[in-house]
Amino acid sequence: MSKFELKMPKMGESITEGTIINWLVNEGDTFDEGDILLEVATDKVDNEVPAPASGTLLEAKFQAKDVVKVGEIIAILEVSEKAKLSKKTDVIQSDSEEPQKSKKQLKKKRPSKPSIVEMPHSVSSSFTVSNEDRFFSPLVISIAKQHHISFEELARIPATGNGGRLRKSDVFSYIEEGRPYQFAQPVAQDPTAYRIPQLEFDKGKGKIIEMDRMRQMIADHMVYSKHTSPHVTAYVEADLTNLVNWRNDNKVKFQEKYGEKLTFTPLFVEAVAKAVKDFPNINASVDGNNIIVKEDINIGMATALPSGNLIVPVVKNADTKDLKTLAENVNKLAGKARENKLGGDDIKGSTFTISNVGTFGSVMGTPIINQPEVAILALGIIKKRPEVIQTEKGDEIAIRSMMYLSLSFDHRVVDGYLGGSFVRRVADYLEQFDTNRKI
């Protein structure tokens, strides 16, 4: 028997920390190789950490709800298969070792609401707020960066240090209180400037349901998006009769040939990817005064989980894939979402998002932008309606399969011409679908 240090595993590209959801094995309990020791959450994805070998859990370094960096030691195990274990450690260890920190420093709680205000990337030294003569030490700034607390928010935290200095304990206490000044507005010098009124509402009585971790993250993400991006929504109507008829005629053949269901989603992703290539500035994000136009076209698909929470799996490089590959990607991601098996990389890197609100029976929607993107497209229900169409005989009334498309875009960088032209181009690709297309 020998002791082994179990470290926080790396669970996806760009992920640097995880939150322990719960331990499935208690201290002193034995386990077999492959047994799940604990569950860890990163962003919106939950992961299971298996035992690398049979043994006993001697000590758990962290408890439920603790936030731990990738590569940090989370438990001490006593294992009996040291030789076999050496081959498995790469699966559950970080690719690079993190500096050791004291247990007290590491075991701080995650804030009750996830942070959404970004700190400047260049901060590395002490800082003084010009209008309040507040000094922030490098340690306080480091903690603030980790929790995405801005200097304006730091300046509002009550300080207990000598000379009015902000201490580490002050910041942690503020975080545990739920960051009450997170969305506070700066004091306006202009007397005519708008201020958020401090109103008290009667919220009524009823059953109280505490938000789960994912719902809190979604709520903060949505508020942040509306607070950051001035939303404008453009609408168009598309005649999908040709596309619907082609799919109905070929969906059985498609599944027999490729073993994949042919839903409308890959057809929508294909049309959106084409339109993005025509209007690349819609495939962007904002960084201060700069606009970053993305080279890759990665289409996110807003998807409801069994819990009712929302997640956005991503079809990477959608513009380079044929319909068969798009269908494979879409079906695989949808299946993993239904089974709560999406990994960290499955929801990373989206550059443009679509939301098929028609699956809920909605005629149309006004979606909220998935930050840091600058636009999101909602696709309504496909519904048969009598429409006036032009034929060789003139105007006639016919039954057509119609759908509304609504594009919400960030008016800081996307003007009406670009937004309107893009959503119209998506509709054109759907309307002009080639009915002679071979599968």
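Predicted model: local features only at pLDDT ≥ 70, side-chain atom pairs only at ≥ 80, totals over all residues.

Trainee: What does the chain average in pLDDT?
Mentor: The average is 83, and 82% of the residues score at least 70.

Trainee: Let us turn to helix 11. How many residues does it have, and how far does it reach?
Mentor: Helix 11 covers residues 416-431, which makes 16 residues. From its first C-alpha to its last it reaches 22 Å, close to the 22 Å expected at 1.5 Å a residue.

Trainee: Which residues of helix 11 are buried?
Mentor: They are Leu418, Gly419, Ser421, Phe422, Val423, Val426, Ala427 and Leu430.

Trainee: And what covers them?
Mentor: The cover includes two helices, helix 8 (241-258) and helix 9 (264-278). Strand 11 (231-239), strand 18 (352-355), strand 19 (375-379) and strand 21 (394-410) are also included.

Trainee: You mentioned strand 21. Is Ser401, in that strand, buried or exposed?
Mentor: Ser401 is buried, because its relative accessible area is 6%, and the cut-off for buried is under 20%.

Trainee: What does Ser401 touch?
Mentor: Leaving aside residues up to four places away in sequence, Ser401 touches Ala238, Asp239, Leu240, Thr241, Val244, Ile382, Lys383 and Lys384. As for Ile381, it is 20 residues from Ser401 in sequence, and their C-alpha atoms are 9.7 Å apart in space.

Trainee: Changing topic, how much space lies in the second largest pocket?
Mentor: About 830 Å³. Elements giving two or more residues to its lining are helix 7 (213-228), helix 9, strand 15 (303-304), helix 10 (323-338) and strand 18.

Trainee: Which element gives the largest share of that lining?
Mentor: Helix 10 does, with 5 residues.

Trainee: Which residues lie nearest the centre of the second largest pocket?
Mentor: Of the 34 residues that line this pocket, Ala302, Thr303, Ala304, Asn356 and Thr359 lie nearest its centre. Ala302 is also one of the residues that Ser355 touches.

Trainee: How many of the lining residues are nonpolar, polar and charged?
Mentor: The lining has 17 nonpolar, 14 polar and 3 charged residues.

Key. Residues numbered from 1 in each chain as written. Heavy atoms only, no water. pLDDT = per-residue confidence, 0-100. Helix = DSSP H or I, 4+ residues; strand = E, 2+ residues; numbered from the N terminus. Expected span 1.5 Å × (residues − 1). Buried < 20%, exposed > 50% of the residue type's maximum accessible area, 1.4 Å probe, protein only. Contact = heavy atoms within 4.5 Å. 1 Å grid on protein atoms, 1.4 Å probe; cavity = no way out; pocket = protein on both sides within 12 Å on 5 of 7 lines; lining within 4 Å. Points joined across faces, edges and corners; volume = space filled by probe spheres on them. Nonpolar A, V, L, I, M, F, W, Y, C, P; charged D, E, K, R; others polar.
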